[in-house]
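Trainee: Could we go through this model together? I'd like to know how the terms get applied.

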Amino acid sequence: MATATAPALNKRIGFLGSGQMAEALARGLMKRGLVSGDRIACNDPNPARTNLFKSFGATPYESNADVARNADVIFVAVKPQHVAQVLSEVRPVLTEGHTVVSIAAGITIDKLVEAAGPDAHVVRVMPNTPCLVGETAAAMCLGGKANADDEKLVRTIFEAVGKIYTVDEKLLAAVTGLSGSGPAYVFMMIEALADGGVRAGLPRDIAQALAAQTVLGSAKMVLETGTHPGALKDMVTSPAGTTIAGVHELERAGTRAAFMNAVVAATDRANQLSKM
Ligand SMILES: NC(=O)C1=CN([C@@H]2O[C@H](COP(=O)(O)OP(=O)(O)OC[C@H]3O[C@@H](n4cnc5c(N)ncnc54)[C@H](OP(=O)(O)O)[C@@H]3O)[C@@H](O)[C@H]2O)C=CC1
Ligand SMILES: O=C(O)[C@@H]1CCC=N1
């Protein structure tokens with residue numbers, strides 16, 4: 001897990017778009033003490049969203065340009081089809097001191113630089129919603145005039161709420177398909193495991209808690225022991241025991257192929273978005 005508290009960041013954070021991912025990031029960063037609400041600027045056409053940000057101390061602005069004027073790190077957190085528009089709005093006020101961080105799926109560095117201008121310090125990141133609880137899995141690549149200082153800054157921000165890796169841009173679609181979209185697959189898995197527990201007679205609350213804790217504990221074993229997940233699976237699987245009976249059903253249902261196909265389908269969709 002990311003450290004309980006992080007040293008406060010001497011930067012103001014702005015959000016162009018104050019939707020689900022901006023909220024998860026803002027709340028996660030505040031929880032870790034990296035930034036306080038009064039250092040967060042935001043914009044969104046939906047007043048319910050700006051009111052929600054206001055409730056945790058952020059300042060809503062009337063325009064994206066005003067957010068940029070009141071921030072050092074600018075998160076582009078709108079849907080992919082709105083990215084070019086919001087960047088064209090902030091472009092006139094961007095300075096060398098700004099780091100522009102796009103989290104939009106499929107929007108390439110080339111497109112970001114085209115919209116933000118050739119002097120913009122642009123970083124492309126693919127995070128996921130568990131940044132809310134300090135456990136994001138994210139990857140980034142740099143573009144435009146972004147330099148080692150921008151990379152360090154973005155790393156500091158995301159390491160406060162989880163893990164971040166620097167990758168070649170061509171790999172970001174696969175990151176999107178795996179860890180960007182991945183929480184949805186895991187939530188479905190937890191829901192299904194809990195349903196199985198209920199089907200087998202457990203009360204719903206206990207079934208859900210057992211399912212979530214099982215996923216958490218298993219993930220920790222992979223990360224902390226470094227042991228291959230197949231070997232960890234074998235450790236659970238007694239000859240002619242209960243687990244192999246369950247594993248056999250998962251194999252019969254093509255579960256592994258289904259997970260692989262999900263990652264590939266989401267990766268393909270990220271690549272499609274890059275071409276739109
Ligand atoms: N959700 C996730 O798990 C992840 C999302 N992402 C990326 O993050 C981005 C945001 O996703 P998500 O938070 O889920 O989406 P949301 O739809 O929840 O948030 C986007 C917000 O931007 C607002 N918006 C629309 N136009 C503008 C504008 N011109 N200026 C300012 N705000 C505007 C939207 O308002 P309205 O709804 O009224 O249009 C909406 O509230 C996407 O590009 C996505 O690819 C990346 C990783 C994970
Ligand atoms: O579903 C989406 O397009 C976004 C990008 C990754 C997660 N959510």
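Trainee: Which residues are around ligand 2?

Mentor: Ala105, Thr176, Gly180 and Ser181. They count because the C-beta atom of each, placed from the backbone, lies within 6 Å of the ligand. Mind that this is a predicted model, where local features need pLDDT of at least 70, side-chain atom pairs count only at pLDDT 80 or more, and totals for chains, interfaces and linings use all residues. Residues are numbered from 1 along each chain as its sequence is written, and chains are lettered from A and ligands numbered from 1 in the order in which they are written.

Trainee: What classes make up the shell around ligand 2?

Mentor: 1 nonpolar, 3 polar and no charged residues. Ala counts as nonpolar, and Gly is among the polar ones.

Trainee: And how many residues surround ligand 1?

Mentor: 28, with Ala105 among the closest. By class they split into 13 nonpolar, 12 polar and 3 charged.

Trainee: What makes E5 and E4 a pair?

Mentor: Strands pair if DSSP finds at least two bridges between them; E4 (residues 73-76) and E5 have 4, in the parallel sense, so they qualify.

Trainee: Why is Val100 called buried?

Mentor: Buried takes 20 or more other C-beta atoms within 10 Å of a residue's own, all placed from the backbone. Val100 is buried, so it reaches that count. Val100 and Ser102 point one way from E5 (residues 99-102), Thr99 and Val101 the other.

How values were computed
Buried ≥ 20, exposed ≤ 12 C-beta atoms within 10 Å, placed from the backbone. Helix = DSSP H or I, 4+ residues; strand = E, 2+ residues; numbered from the N terminus.
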